[in-house]
Amino acid sequence: MKVLAILYDGGKAAREEPRLLGTVENELGLREFLESRGHEFIVSSDKDGPDSFFEKHIVDAEVLITTPFHPGYLTADLVEKAKELKICITAGVGSDHIDLDAAVTKKIQVLEVSGSNVVSVAEHVVMSILLLVRNFVPAHEMIERGDWQVSEIARNAFDLEGKVVGTIGAGRIGYRVLQRLLPFDCKELLYYDYAPLPADAAKAVRARRVEDLKEFVSQCDLVTVNCPLHDGTRGLVNAELLKHFKKGAWLVNTARGAICDKDAVAAAVKSGQLNGYAGDVWNVQPAPKDHVWRQMKNPLGGGNGMTPHYSGTTLDAQARYAAGTKSILQNFFTGKEQEPGNVIVGLGKYETKAYGQH
Ligand code: NAD
C-alpha cells in the first residue's frame with residue numbers, strides 16, 4: 001500500500017535527537033516496519049497548495065498519516081480527489097484538520113491515538129494558567145532586559161488560590177486539568193460540556209457543571225478551552241461571548257486556535273477585558289509572522305503566554321503517539337479490530353460523540 005505521512009521538519013534538532021519521532025527526519029520510526037511489509041512509505045512537510053507534495057500524492061495514497069502540529073489539511077475537495085484513501089491516522093489527538101463529514105460520506109476511516117498526549121497538554125494548561133495569573137512572562141522579560149522593578153510586575157500578579165476556574169470540555173484533557181488544579185484550593189472548579197461527567201468523577205474533582213455557556217464564563221476568573229474543534233465550537237469564544245466574561249478574566253486555549261476568534265481575543269486583551277491569553281494553538285499553522293496573537297499585550301504590557309504548537313509533542317508524548325500510530329497500522333493491515341477509543345470515524349459513521357452532536 002502507499003502510505004503518505006505529513007510531518008513537521010525537525011532539522012538539526014531531529015538529526016541530533018532521535019526521540020523527536022514526529023518529524024520528517026525520524027518518520028515516527030515507521031520506515032522499517034512499513035517497508036519490510038512491502039509498503040511504500042513517503043514522508044514530507046510540504047503540505048499547502050495544489051503543487052505541494054501532499055496534494056500531489058494524496059490522489060493515490062491508501063493510508064494518510066498526519067499530525068495536528070503541522071496539519072495536512074484534508075479538505076472535502078481533497079477527499080474527493082483521494083480516490084484510493086482508506087484510512088487517515090492522526091499521530092496525536094485532534095482530527096479537525098480532516099474534513100470528517102467528507103470522510104463519513106466516502107467511507108474513509110479516521111483514527112487518532114487517543115490519550116497519547118493528554119497528560120502533556122494538561123500539564124501545559126496548568127503551566128499556562130499559572131504563568132498568566134502570576135504575571136510570569138513580563139517578570140522574566142524584565143530580568144533578561146537587566147531591569148528590576150518589582151511593583152511593575154506585582155501590580156498584576158495574583159494567587160490561583162481562591163479563584164474560580166472553568167473548563168470548556170471535560171473529556172480526557174479537561175478532566176486531567178481539573179484533577180491537577182484540585183490541590184491549588186481554587187474557590188470553585190466549573191465545567192461546561194454537553195456530556196456530563198459521571199457523578200463520582202465530578203465529585204472526585206469537586207467540579208460543578210454549568211449548562212449555559214454565558215452563565216458559565218460569567219462565573220469564571222479563568223476559562224480553559226479543552227474541547228475539539230468542530231462546527232459547534234468554531235468561533236465559540238467570539239466578541240459576543242467575551243462580553244460575558246468577568247472583566248480581567250484570563251483565557252487559556254490549548255485545544256484549537258479557531259475555537260477562539262483571533263481578532264476578538266486580541267481586542268479583548270488590548271482593552272483589558274481579558275487580562276491575558278495563553279496557549280499553543282493557532283487558527284493557521286505555522287502561524288504567520290504578523291499573527292496578532294504573537295504580539296498582543298494587555299494595558300499593563302503583559303498577558304501573552306503564546307507558544308508554538310508543542311504542548312502535546314513532548315518527547316514523552318512522541319514516544320506514545322508513534323507507538324500508537326504503529327499499532328493502528330498493524331490492526332489495519334491485519335484486519336484486527338481497532339481500539340474503540342481511537343476511532344473518530346468508522347466505516348461511514350462517527351464513532352465518537354466528542355466532535356459535535358451528530
Ligand atoms: P476528548 O474527546 O477526551 O474530550 C473532548 C470533550 O469535549 C468531550 O467531553 C466532549 O463532550 C467535549 N465537547 C465537544 N464539543 C463541545 C462543546 N461544544 N462544548 C463543550 N464541550 C464540548 O478529547 P481530549 O483528549 O480531551 O482532547 C480535546 C482536544 O484537545 C482535541 O480534540 C484537540 O483539539 C486538543 N488537543 C490539543 C493538543 C495540543 O498539543 N495542543 C494535544 C491534544 C489534544
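Student: What share of residues 32-337 is helix and strand, and how far apart are the end C-alpha atoms?
Tutor: The model is a predicted one. Over residues 32-337 the chain is 37% helix and 16% strand, with 23 Å between the end C-alpha atoms.

Student: Which UniProt annotation covers that range?
Tutor: An unreviewed UniProt entry annotates residues 32-337 as "domain: D-isomer specific 2-hydroxyacid dehydrogenase catalytic". The record also has "domain: D-isomer specific 2-hydroxyacid dehydrogenase NAD-binding", which covers residues 127-310.

Student: Let us turn to I65. Is I65 buried or exposed?
Tutor: I65 counts as buried because its relative accessibility is 0%, and buried means under 20%. This residue belongs to strand 3, residues 63-66.

Student: What is I65 in contact with, leaving aside neighbours within four places in sequence?
Tutor: I65 contacts V3, L4, A5, I6, L28, L30, I89, A91, T325 and L329.

Student: How far is I65 from N304?
Tutor: The two C-alpha atoms are 33 Å apart in space, and I65 and N304 are separated by 239 residues in sequence.

Student: Now T167. Where is T167 placed?
Tutor: T167 sits in strand 6, which spans residues 164-168. T167 is buried, because its relative accessible area is 0%.

Student: What does the side chain of T167 reach?
Tutor: It reaches the backbone oxygen of G169, at 2.6 Å. Beyond the neighbours within four places in sequence, the contacts of T167 are G174, L178, L190, Y191, Y192, F216, T224 and N226.

Student: On to the surface. Which residues form a nonpolar patch there?
Tutor: I143, W148 and V150 do, and together they have about 390 Å² of accessible area. W148 is in the loop between helix 7 (136-145) and helix 8 (150-154). W148 is exposed because its relative accessible area is 69%, exposed meaning over 50%.

Student: Finally, E337. Is E337 buried or exposed?
Tutor: E337 counts as exposed, because its relative accessibility is 68%. E337 is found in the loop between helix 15 (315-334) and strand 13 (343-345).

Student: And how far apart are E337 and W293?
Tutor: E337 and W293 are 44 residues apart in sequence, and their C-alpha atoms are 42 Å apart in space.

Notes. Residues numbered from 1 in each chain as written. Predicted model: local features only at pLDDT ≥ 70, side-chain atom pairs only at ≥ 80, totals over all residues. Heavy atoms only, no water. UniProt positions renumbered as here; feature names shortened; annotations may be inferred. Helix = DSSP H or I, 4+ residues; strand = E, 2+ residues; numbered from the N terminus. Buried < 20%, exposed > 50% of the residue type's maximum accessible area, 1.4 Å probe, protein only. Contact = heavy atoms within 4.5 Å. Patch = residues over 30% accessible without salt bridge, like charges linked within 9 Å, V, L, I, M, F, W, Y side chains within 5 Å. Areas by Shrake-Rupley, 256 points an atom, 1.4 Å probe, with all protein chains shown as cover. Salt bridge = Lys/Arg side-chain N within 4 Å of Asp/Glu carboxyl O. Polar contact = N/O pair within 3.5 Å; in protein donor to acceptor, adjacent residues only side chain to side chain.
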